[in-house]
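Visitor: I would like to learn how to read a model feature by feature. Where do we start?

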Amino acid sequence: MNDVASSLGANDLEALWKPFTANKQFKSQPRLYVAAKDMHYTTNDGRKVLDGTAGLWCVNAGHCRDPIVKAVREQAARMDYSTAFQMGHPGEFEVASKLALLAPGELDHVLFANSGSEAVDTALKVAIAYHRLKGEGTRTRLIGRERGYHGVGFGGISVGGMVMNRKFYGSLLGGVDHLPHTHSLEHNAFSRGQPEWGGHLADALEGIVALHDASSIAAVIVEPMSGSAGVLVPPMGYLERLREICTKHGILLIFDEVITGFGRLGASFAAERFGVVPDMITLAKGITNAAVPMSAVLLMGEIHRTFLDAAAENAIDLFHGYTYSGHPLACAAANATLDLYRDEGLFERAAELEPYWEEAVHSLDDGRHVIDVRNIGLVGAVELEPVPGKRTKRAFETFLGCFEKGVAVRASADIIALSPPLIVERAQIDEIVDTLREVLKTID
Ligand code: PLP
């Protein structure tokens with residue numbers, strides 16, 4: 001260890017530049033977790049914090065679950081790594097088969113990556129290449145949506161619709177259009193579950209097709225429920241309509257289910273919950289219960305077949321992949337996680353808890369500063385009236401206040417998002433909501 005390294009301890013916070021963090025504020029008031037179990041974190045000063053956000057929408061089965069810990073530990077000792085290119089290991093086939101069984105419709109093939117951002121870039125590339133192999137090489141345009149979040153790669157921020165994630169980074173991908181987002185305080189504030197207003201907004205896709213012609217459009221990508229932008233629940237009929245228009249014009253439909261997958265909406269995927277099957281699903285987070293980074297693209301057999309049919313014997317069929325695609329530790333974690341979800345019936349548990357959750361979060365409808373409350377599955381959002389000229393201040397202070405009182409919530413702009421692990425107990429739902437209500441009373 002060199003002198004500099006040996007002089008640095010866990011208490012020296014300078015070297016690390018934390019992502020999506022107010023670094024100046026953080027370093028003046030650091031918040032450190034040192035352990036986690038089931039529904040709670042432990043801070044470095046020994047306090048327990050109830051996890052109201054499943055980490056970052058990812059620890060769906062609760063923290064440090066024994067079967068997952070055991071599986072990762074054993075795999076680390078047995079085989080640390082094997083290359084994904086031209087070689088395989090049993091774990092990756094097992095996870096892929098389980099995902100194919102879990103997924104709706106003919107989404108029966110799987111490509112692995114390591115993060116949601118990588119899964120999104122993978123899906124966008126596959127969509128463009130697929131059309132080219134089908135003899136429709138003019139289909140290169142990608143359609144995203146305002147307020148969409150698809151990670152931080154250039155593909156993801158290009159189709160994404162959150163201005164702060166885009167505006168600093170140049171001209172982004174060319175040939176991208178955006179659908180309007182579906183949230184309206186005027187028309188669908190305080191909706192319970194899917195809003196009744198807004199299904200017609202899917203028709204904007206027809207306008208984009210009329211402008212550019214279908215022959216130029218490769219894919220539409222949307223989160224079935226926008227998570228990071230503050231929980232925008234799809235209006236009734238909206239996803240069905242998008243599906244219809246995509247099918248009519250030969251456009252691939254991609255659901256980004258990085259948040260909505262693995263029980264968050266009380267079903268394996270949002271596609272199952274809403275009964276709308278896309279051509280590809282991107283997933284990450286809950287696949288390993290966040291124990292090891294992993295993501296994937298689920299795609300229709302027909303897409304996979306097109307690539308294989310185009311390749312000569314002994315020739316590579318997809319020029320894409322990552323050093324750590326299907327990493328053995330990630331596969332061990334995913335296999336154990338998928339078994340745990342099944343054995344404990346956690347997706348069904350989320351569905352059963354949904355009515356209680358809905359009542360609890362909507363008890364905040366008349367909370368201080370609250371201008372909207374929305375919910376679906378085990379997701380809730382409380383939107384606060386912004387302080388004039390100081391956007392984000394109120395939600396950030398609410399987040400800090402809840403943390404002080406032992407509950408982790410997530411602040412996104414002026415919205416507090418809630419998404420506890422699916423093992424949450426009713427009393428813990430009450431604790432999350434009551435803490436939030438009390439903290440809102442104390443902030444300006
Ligand atoms: N897509 C969606 C819908 C997400 O919510 C996220 C992350 O929250 C991503 C993509 C990016 O995932 P990652 O941070 O693992 O790159």
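This is a predicted model: local features need pLDDT of at least 70, side-chain atom pairs count only at pLDDT 80 or more; totals for chains, interfaces and linings use all residues.

Visitor: What does the radius of gyration say about the 444 residues?

Guide: Compare the value with the globule rule. A compact globule with 444 residues would have a radius of gyration near 22 Å, and the protein has 22 Å, which agrees. The C-alpha atoms fill a box of roughly 65 × 55 × 45 Å along the principal axes. Inside are 17 helices and 15 strands. Buried residues make up 48% of the 444.

Visitor: Among contacts between residues at least 6 apart in sequence, what percentage join residues at least 24 apart?

Guide: The share is 71%.

Visitor: How do I read one face of a helix?

Guide: Start with the turn. An α-helix has 3.6 residues a turn, so residues three or four places apart point the same way. Now take helix α5, residues 90-102. Its 13 residues reach 19 Å from first C-alpha to last, close to the 18 Å expected at 1.5 Å a residue.

Visitor: Which residues of α5 are buried?

Guide: Gly 91, Glu 92, Val 95, Ala 96 and Leu 99 are. Seen down the axis of α5, the buried residues fall within an arc of 130°, so they line one face of the helix. On the other side, Pro 90, Ser 97 and Leu 101 are exposed.

Visitor: What covers the buried residues of α5?

Guide: The cover includes strands β4 (107-113) and β10 (295-300), along with helix α14 (328-344).

Visitor: What should I make of a positive phi in other residues?

Guide: Know the background first. Most residues other than glycine have a negative phi. Here, Leu 172 has a positive phi of about 60° although it is not a glycine. Leu 172 sits in the loop between α8 (163-166) and β6 (176-179). Phe 190 also has a positive phi, near 60°. Its place is in the loop between α9 (185-188) and α10.

Visitor: Why does Leu 172 count as partly exposed?

Guide: Count neighbours. Leu 172 has 14 C-beta neighbours inside 10 Å, so it counts as partly exposed. Phe 190 has 15 and counts as partly exposed.

Visitor: Is Glu 118 buried or exposed?

Guide: Glu 118 is buried, because 25 other C-beta atoms lie within 10 Å. This residue is found in helix α6. Leaving out residues up to four places away in sequence, Glu 118 touches Ala 113, Gly 153, Ser 295 and Tyr 322.

Visitor: Which residues are closest to the ligand?

Guide: Ser 115, Gly 116, Ser 117, Gly 151 and Val 258, out of 14 residues that surround the ligand. Next, ask where the shell comes from. Helix α6 (residues 116-133) gives the largest share, three residues. The shell divides into five nonpolar, seven polar and two charged residues.

Definitions and conventions:
Residues are numbered from 1 along each chain as its sequence is written. A residue is near a molecule or strand if its C-beta atom, placed from the backbone, lies within 6 Å of it. Helices (H or I, at least four residues) and strands (E, at least two) are DSSP runs, numbered from the N terminus. Ala, Val, Leu, Ile, Met, Phe, Trp, Tyr, Cys and Pro count as nonpolar, Asp, Glu, Lys and Arg as charged, and the others, Gly among them, as polar. The expected span of a helix is 1.5 Å times one less than its number of residues. A residue is buried if 20 or more other C-beta atoms lie within 10 Å of its own, exposed if 12 or fewer, and partly exposed in between; C-beta atoms are placed from the backbone. The arc is that of the directions from the helix axis to the C-beta atoms. Two residues are in contact if their C-beta atoms, placed from the backbone, lie within 7 Å. The radius of gyration is taken over C-alpha atoms; the globule rule is 2.2 Å times the number of residues to the power 0.38.
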